[in-house]
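Trainee: I would like to go through this structure with you. Could we begin with the overall picture and then turn to some details?

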Amino acid sequence: MYRVFWPPWRAAEGKMRLLRAAPLTPSHVIITGGSSGIGLALARLYLERGASVTLIARSAKRLQEAAVLLGNGPKLGHQSADVADFQALTAAIAAAESQHGPCDLLITSAGVVRPSPLQAMDVTEARTQIETNLLGTIHAAKILWSGMADRGGRMVFVSSGAAFIGLHGYAPYCASKAALVGLADSLRQEAAGTRLGISICFPPDTDTPQLAAELPLRSPEAEKLMGRVAPWSADDVATEIDRQLARGRSEIHFGLTLWFLARFGSLARPFIYRFLAAR
C-alpha cells in the first residue's frame, strides 16, 4: 500500500520481521470474523499451539467450512452471530465460554469493506461498515471486559493501514478503522490497574476473500495511492501479529511505510494529497 511516498522501502517491507520472542500461549481464544482471512489464519496458529479456539461469524455455513479446514477437533468451537447485534453476540460468547472456559485472548477480526463513492453508496452499506468494524469491536470488548480485567488477558483489535490516510471510495471504512485507534487508546486508560491489555494491529492488503471482492470495486483514484503491490498472505499477517503480541506490543505495524504513516501521518498526508492532486 501507499507506494507514492517511499518507493525505496517497498521491496523490503514484506521481508522485515522482529526476532521471535516466547510464543503467546493463551488458554481460550475467541476470534470474531474467524471464518476466513486473518481470523482463520490466527485460529489455525493458536490451535496448533494447543489453545482452545472459538470462531464467531455471521454465516453458519462459512463457519462449518472453516471448521472442516481446521480439522474439527475438540478444542475448536464456533458460534454464529452478527457482531453488530449485541444480544446475539452476548449469547454466542456465553456459549463459547461455557464450552471452552474463560476467554483470555479476544481478537476482533470481523470487518466489512465495499468501496464506493459516498454519493453512490446506499446508506445501509455505510451503516454496515461502521456497525461491523467499530460497534462490533465495542460490543465484544464490553461483553468480555469484566471477566478479562479480573483474571487477566488481552484484547486485540484488527484495524487497517486505512486508519492512517483517507482513501477515495473508502470513507466509512477509513472512518471506522481510524475510530478503532481512539477506542484502543481510550480503553488502555480504562484498563490501567487491571490485568487486561489492549493491542491494535494495522494489517496491509492481505490475500483474503474480502480483498478479492474489494479489488474490482477500487477506484482509479484509490489505486494511485495504494498501488499494485503484492498483498501479504493471511498466514504471514497472523504470524507477525503473534510475534509482536509475544513482545507485548500495544500497536502492531507491518512494514516501514505503515509505521511511518502511523507515526508521522499528520505531517505527511498534506504532501501526499497535494502530490496526488497534481498527477
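This is a predicted model: local features need pLDDT of at least 70, side-chain atom pairs count only at pLDDT 80 or more; totals for chains, interfaces and linings use all residues.

Trainee: Now the pair of helices. At what angle do α5 and α6 pack?

Mentor: Helix α5, residues 123–151, packs with helix α6, residues 171–191, at an angle of about 15°. Their axes are 8 Å apart.

Trainee: Does that count as roughly parallel or roughly antiparallel?

Mentor: Angles under 35 degrees count as roughly parallel, and α5 and α6 are therefore roughly parallel to each other.

Trainee: Is their crossing left-handed or right-handed?

Mentor: The crossing of α5 and α6 is right-handed.

Trainee: Which residues make the contact?

Mentor: From α5, the contributors include Ala 126, Ile 130, Leu 134, Ile 138 and Trp 145. From α6, they include Tyr 173, Leu 180, Leu 183, Leu 187 and Glu 190.

Trainee: How do the residues of that contact divide into nonpolar, polar and charged?

Mentor: In the contact of α5 with α6, 13 residues are nonpolar, four are polar and two are charged.

Trainee: Let us change topic to α3. Which of its residues are buried?

Mentor: Helix α3 spans residues 60–69, and its buried residues are Leu 63, Ala 66 and Ala 67.

Trainee: Why are those on the same side of α3?

Mentor: They cover an arc of only 100° around the axis, which puts them on the same side of α3. In general, an α-helix has 3.6 residues a turn, so residues three or four places apart point the same way.

Trainee: What do the buried residues pack against, and what is exposed on the other side?

Mentor: The buried residues of α3 pack against α2 (37–48), β2 (52–57) and β3 (76–80). On the other side of α3, Lys 61, Val 68 and Leu 69 are exposed.

Trainee: What comes just after α3?

Mentor: Gly 71 is found there, with a positive phi of about 95°. Asn 72 also has a positive phi, of about 50°, although it is not a glycine.

Trainee: Where is Asn 72 found?

Mentor: Asn 72 lies in the loop between α3 and β3. Asn 72 is partly exposed, with a relative accessible area of 47%.

Technical notes
Residues are numbered from 1 along each chain as its sequence is written. Side-chain values use heavy atoms; hydrogens and water are left out. Axes are lines fitted to C-alpha atoms, for helices over the stretch in contact, and angles run from 0 to 180 degrees between N-to-C directions. Helices (H or I, at least four residues) and strands (E, at least two) are DSSP runs, numbered from the N terminus. Angles under 35 degrees count as roughly parallel, over 145 as roughly antiparallel, 65 to 115 as roughly perpendicular and the rest as oblique. A crossing is left-handed if the near helix is turned anticlockwise from the far one by less than a right angle, and right-handed if clockwise. Contact means heavy atoms within 4.5 Å. Ala, Val, Leu, Ile, Met, Phe, Trp, Tyr, Cys and Pro count as nonpolar, Asp, Glu, Lys and Arg as charged, and the others, Gly among them, as polar. Buried means under 20% relative accessible area, exposed over 50%, partly exposed in between (1.4 Å probe, protein chains only). The arc is that of the directions from the helix axis to the C-beta atoms.
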